[in-house]
Structure formats: structure tokens, C-alpha cells
Amino acid sequence: MAESKITTSKNRIETLDVLRGFALAGILYAHMVIWYTGAALPPDVYTKYDSTADGIALGIFGALVFGKFFSVFSFLFGLGFYLHFRNKRSKPEYLKIYIWRLFLLFFIGLLHHILWRGDILTIYAVLGIILLFFGKLSPKIILTIALLLITNIPTHLYDFFQTEVIRSSVALPMAEEAESYYSLVKNSGFFEVLEDNWRSWPAKIEYQLQSGRLFMTFGYFLLGLYAGRTKLFSDPENNLKTFISWNRASKNVVLILLFLALLMYLFNLVTIPGIKVVPELQWIASFLFSIYNACLSIFYITGITLLYRKGSFQKILRPLTALGRMALTIYIMQTLFGLLLFYNFGFGLFDQTSPSINVFMGVVVFLIQLKFAQWWLSRFQQGPVEWVWKSLTYFDFSSIKKSNK
């Protein structure tokens with residue numbers, strides 16, 4: 001099979017746009033399959049539909065999607081910020097612009113959070129400030145810290161030393177929050193949802209800390225920073241062996257852990273649906289699942305990168321670049337589709353459609369967004385949200401339209 005080099009256009013690395021588009025497709029799947037909810041639901045809601053098609057849809061969600069595509073998105077965010085500012089570090093206004101850009105992102109995320117509490121942009125903006133303090137560390141130290149964080153080591157160590165009393169004490173409040181959120185999505189109007197989302201900050205931060213999602217997200221930022229510092233994507237041909245070795249290693253770990261999961265299921269140590277693990281193995285199962293998520297995320301990143309080198313796969317994957325070039329716009333647009341389809345002030349399909357039907361609707365939304373992105377970029381230089389973000393960053397409101405020359 002013929003191979004072609006990873007191409008760049010106007011200083012953009014095309015492979016990264018493909019990866020962003022790929023990540024957005026996975027994020028859309030993750031949200032659509034569970035009715036585009038931004039917080040936990042009561043456990044019985046997830047198992048309400050039990051057809052074979054629904055089992056497959058939720059199985060794909062749990063095994064191949066949940067926690068993986070936001071990881072890829074976070075990796076790309078860390079790498080993207082490094083690439084955006086790599087040639088500006090020597091300029092005196094660099095730090096001021098960097099912080100101002102993150103402040104604008106936080107404000108965009110704040111507006112998005114009010115619409116939908118699952119927003120991640122506010123978290124990205126805060127963690128982006130912390131990323132500043134890691135920029136001058138050696139790549140090996142950055143990589144070591146990144147691997148510790150993406151496997152959620154701090155959270156698992158903390159959980160290991162907690163007593164059973166402390167562990168069980170957090171279950172009830174979270175259960176009450178799930179019941180309240182279920183009622184909100186199903187029954188509330190637009191302004192009630194906005195008001196409740198605004199009040200949801202404590203629960204959101206609690207989840208980020210208790211689950212370790214905050215540590216993992218920052219770990220992927222660091223992994224992206226490492227990729228930038230070592231020029232993995234800027235000079236891919238000279239780093240081909242690195243991509244191949246990381247891809248093979250992550251694939252092998254994923255296969256081993258899937259085999260262990262199968263054994264646990266066969267010996268009745270894990271029950272499905274609901275994925276309940278016997279109490280004695282809950283901690284180790286959670287730890288292994290974090291390793292599984294991290295390795296599968298790395299497998300996705302390296303796998304798509306390697307596939308995109310091959311001519312036949314370029315034809316399949318290249319349309320994703322349109323989504324990747326306007327990733328921020330597409331991410332927020334997905335929320336608008338989700339609210340319109342599932343919430344009470346829209347079509348109200350929440351809890352009325354099955355996960356398999358939701359996946360079908362997600363495919364339709366994906367195709368609509370893909371066609372829209374291609375149409376938009378044929379006329380404009382970048383996505384509308386990206387243009388606003390960039391224009392406010394540099395106070396330069398140049399025309400977004402493409403030149404006819």
C-alpha cells in the first residue's frame with residue numbers, strides 16, 4: 001500500500017485536524033447515547049432499554065468510547081497550545097497573551113456551562129494556566145508525570161487508604177444529585193435548566209476531584225506538551241518508530257486487560273448489565289480500567305496517526321479535517337443539537353428513545369456537522385467561535401471571509 005507523508009497547510013499539521021475530528025466524533029457518540037446529559041443519572045435509567053442493539057450501543061460506549069475521546073481531545077489541546085505559542089515565547093507580551101487567551105476560553109466555557117453543565121472548556125482554561133509551570137521541565141520528567149496522571153494514580157492511591165466508612169459516605173449525596181438531575185432534564189423549561197446549571201458548580205468540581213478526571217485531563221495536557229517538545233508531529237517521519245512502538249505497546253496492554261475482564265465475567269466476578277464488580281476486587285478493577293482507558297486513548301492517537309500515512313486511509317479520514325479545523329465551534333454545536341433533541345424545551349426525547357436510536361441520531365448529527373464544516377470552510381478561513389476567540393485575543397477583527405484572489 002502506497003504511503004504519503006503527513007501534510008501541513010499554512011503551518012497547520014493536518015494529522016492533528018484529523019485527530020480532532022476523530023475525537024469530536026467519539027465525544028458526540030458518548031453524549032448522544034445517554035441523551036446528551038451532562039451529569040450522572042439514576043442507575044436504572046441506563047438499563048431501561050435492554051434489546052441486543054441497545055446492549056451493543058452501550059457496550060461500545062463503555063468499552064471503546066467512555067473516557068477515551070475526551071482524553072484524545074485533551075491531549076490535542078495541550079499539544080495545540082504548545083504549537084500555537086512555540087514561536088512566541090521570546091516575545092515580551094507572550095505571557096500576557098497566553099493568560100488572556102485562556103481567560104477568553106474560560107468565558108466561552110462559562111457560557112457553554114450555563115447551557116450544558118458537562119462543559120469541559122472552563123476546566124481546560126484553568127488547567128492551561130497550571131501548564132505554564134511545567135513548560136521548562138525536561139521531556140522525560142513531563143512524560144513521567146503525564147503517565148502517572150493519565151492512569152489516575154493519585155486518585156487510586158487516595159482511595160486505597162480510605163476506610164470503608166469514608167468510601168460509602170459519598171454515595172448518597174451523588175445518588176440524590178442523579179435523581180434531581182434526571183427530573184431537571186425531563187421536566188424543566190429552558191430558564192430552569194440554565195439556573196440549575198449555574199448552581200451545579202460544587203457538584204461538578206466534586207465529581208472532577210473524586211473521579212480523578214481533573215488529574216487525568218491535566219495528564220493528557222502534559223502528554224500533549226511532551227509530544228510538542230519532542231516534535232512527534234512536527235517531524236513525524238523521524239519519529240515513526242516511536243509511534244509504532246507506542247501503538248504496539250498500548251494495543252498489547254488493551255488486549256491483555258480485555259482478556260482479564262472476560263475471565264472476571266466468566267467466573268462471575270463481574271456482572272452485566274450495570275457492570276458490578278465483587279467488593280473485594282473493586283479497587284483493582286477500577287485501577288486496571290484506568291490503565292485500559294489510558295492505553296486505548298494512546299492507541300487511538302498513534303493508530304490514527306499511522307493510518308493517515310497510508311494513501312487509501314487518507315481518503316477516508318481527510319474529511320475529518322474540516323471538523324478539526326473548527327473543533328471549538330463543532331463542540332458547542334453538538335450541545336445545541338443535544339439540547340434540541342432531548343431536553344424538555346426541545347423535542348423532549350430524553351428517556352423516550354433507546355441508546356441504539358440515539359446512536360443513529362448521532363450519526364445523522366455527525367453528517368450534518370461534517371457537511372456544514374465543509375461548506376463553511378469553503379467560504380471562510382476558520383470557524384465562527386475560533387474567529388471570535390482569535391480576534392479578541394489579538395484585538396484584530398480582520399475579515400473571516402476567504403479572499404477571492
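1. Thr 155 counts as buried, at 6% relative accessibility; buried means under 20% relative accessible area, exposed over 50% and partly exposed in between, with a 1.4 Å probe and protein chains only. Thr 155 sits in helix H8. Helices are DSSP runs of H or I with at least four residues, strands are runs of E with at least two, and both are numbered from the N terminus. This is a predicted model, where local features need pLDDT of at least 70, side-chain atom pairs count only at pLDDT 80 or more, and totals for chains, interfaces and linings use all residues. Residues are numbered from 1 along each chain as its sequence is written, and side-chain values use heavy atoms, with hydrogens and water left out.

2. What is Thr 155 in contact with, leaving aside neighbours within four places in sequence? The partners are Leu 209, Gln 210, Ser 211, Gly 212 and Phe 215. Contact here means heavy atoms within 4.5 Å. Thr 155 and Phe 215 are 60 residues apart in sequence, yet 8.2 Å apart in space, C-alpha to C-alpha.

3. The side chain of Thr 155 also makes a polar contact with the side chain of Asn 152, at 2.8 Å. A polar contact is a pair of N or O atoms within 3.5 Å; within protein, one must be able to donate a hydrogen and the other to accept it, and residues adjacent in sequence count only if both atoms are side-chain atoms. Asn 152 is found in the loop between H7 and H8. Asn 152 is buried, with a relative accessible area of 2%. Phi of Asn 152 is near 60°, a positive value in a residue other than glycine. Most residues other than glycine have a negative phi.

4. Thr 151 lies in that loop too, between helix H7 (139-150) and helix H8 (153-160). Thr 151 is buried, at 16% relative accessible area. Its side chain reaches two backbone oxygens: that of Leu 147 at 2.7 Å and that of Leu 148 at 3.3 Å. Beyond four places in sequence, Thr 151 is in contact with His 156, Phe 287, Ser 290, Ile 291 and Ala 294.

5. Phe 395 has a positive phi as well, about 50°, although it is not a glycine. Phe 395 is in the segment after helix H20 (384-394). Buried or exposed? Phe 395 is exposed, with a relative accessible area of 59%.

6. Leu 104 lies in helix H5 (residues 94-115) and counts as buried at 9% relative accessibility. Leu 104 and Leu 392 are 288 residues apart in sequence and 7.8 Å apart in space, C-alpha to C-alpha. Leaving aside neighbours within four places, Leu 104 is in contact with Trp 389, Leu 392 and Thr 393.

7. The largest nonpolar core has 109 residues. Such a core is a set of buried Ala, Val, Leu, Ile, Met, Phe, Trp, Tyr and Cys residues joined through side-chain atoms within 4.5 Å. Its largest share, 12 residues, comes from helix H4 (residues 69-85). Phe 75, Leu 105, Leu 222, Phe 233 and Phe 342 have the most contacts inside this core. Leaving aside neighbours within four places in sequence, the residues in contact with Phe 342 include Met 32, Trp 35, Tyr 36 and Met 361.
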